[in-house]
Amino acid sequence: MPIEFRLSRLIPSGFAVGTVSENPGVVVLEAKSAGIGISGLCPRCATASRKIHSRYIGTVWDLPCAGQKVVLHLTARRFFCTVESCRQRIFAERFTASILSPRGRRTGRLDCLAHHLGLALGGRPAANFASADAATKQ
């Protein structure tokens, strides 16, 4: 029975990939939110806002693929909070914790892998196992 390969399994859910480039040892994905709505929720007052302030690009690490590191250059939006009484004037769009935690530098699935490696192997052995250099030394 043949195994069915889907490109969508390589990309974390919640992201839409625009371009893919390959540097030596690193695959770089230009991604943005795949959110259906065009609004963001204020983290302080939970009011939806459609008024975009700006966009920024953050660097996020994801699971390796075929022995190469994977980096997401994630374009996220910033919104104005439209509620007069809310102290939060500008906020960035949020993702669920399983996709990307606030101010996170790793995707949720890479965080899960690092967490389980740390529990199973302990500190230094897990770091050696997870590093790319340890694989080339053996």
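User: Where in the chain is Thr 107 found?

Analyst: In this predicted model, Thr 107 is found in the loop between β7 (90-92) and α1 (108-121).

User: Why does Thr 107 count as buried?

Analyst: A residue is called buried when its relative accessible area is under 20%. The value for Thr 107 is 0%. Since 0% is under 20%, Thr 107 counts as buried.

User: Which residues does Thr 107 touch, not counting residues up to four places away in sequence?

Analyst: Thr 107 touches Pro 12, Phe 15, Val 60, Trp 61, Asp 62, Leu 63, Leu 72, Ile 99 and Leu 100. Each of these counts as a contact because heavy atoms lie within 4.5 Å.

User: Why is Ala 66 called exposed?

Analyst: The term exposed applies to a relative accessible area over 50%. Ala 66 reaches 77%, so the residue is exposed. Ala 66 is found in the loop between β5 and β6, and it has a positive phi of about 55° although it is not a glycine.

User: What makes Ala 46 exposed, and where is it found?

Analyst: Ala 46 has a relative accessible area of 57%. The cut-off is over 50%, so Ala 46 is exposed. Its place is the loop between β3 (40-41) and β4 (48-49). Ala 46 is not a glycine, yet its phi is positive, at about 60°.

User: Why is Gly 25 called partly exposed?

Analyst: Buried requires under 20% and exposed requires over 50%, with partly exposed in between. Gly 25 has a relative accessible area of 40%; this value lies in between, so Gly 25 is partly exposed.

User: What is the setting of Gly 25 in the β1 and β2 hairpin?

Analyst: The hairpin formed by β1 and β2 has two residues between the strands, and Gly 25 in the turn has a positive phi of about 80°. Leaving aside neighbours within four places in sequence, Gly 25 is in contact with Gln 68 and Lys 69. Gly 25 and Lys 69 are 44 residues apart in sequence, while their C-alpha atoms are 6.3 Å apart in space.

User: How do you know that β1 and β2 pair?

Analyst: Pairing calls for at least two bridges between two strands. Strand β1 (residues 15-23) and β2 have eight bridges in the antiparallel sense, so the two strands pair. Within this pair, Val 20 stands opposite Leu 29 in β2.

User: What joins β2 to β6?

Analyst: Seven bridges join β2 to β6, and these strands run parallel. The bridge partner of Ala 31 in β6 is Leu 74.

User: Why is strand β2 described as largely enclosed by the rest of the structure?

Analyst: Six of the eight residues of strand β2 (residues 26-33) are buried, so the strand is largely enclosed by the rest of the structure. For the protein of 138 residues, 25% count as buried.

User: In what order do the elements of the protein run?

Analyst: From the N terminus on, the order is β-β-β-β-β-β-β-α-α-α.

User: What makes up the lining of the second largest pocket, by class?

Analyst: The second largest pocket has a volume of about 370 Å³. Of the 17 residues that line this pocket, the closest to its centre are Tyr 56, Ala 92, Pro 102, Arg 103 and Gly 104. By class, the lining has eight nonpolar, five charged and four polar residues. Tyr, Ala and Pro count as nonpolar, Arg as charged and Gly as polar. Strand β5 gives the largest share of the lining, four residues.

Terms used
Residues numbered from 1 in each chain as written. Predicted model: local features only at pLDDT ≥ 70, side-chain atom pairs only at ≥ 80, totals over all residues. Heavy atoms only, no water. 1 Å grid on protein atoms, 1.4 Å probe; cavity = no way out; pocket = protein on both sides within 12 Å on 5 of 7 lines; lining within 4 Å. Points joined across faces, edges and corners; volume = space filled by probe spheres on them. Buried < 20%, exposed > 50% of the residue type's maximum accessible area, 1.4 Å probe, protein only.
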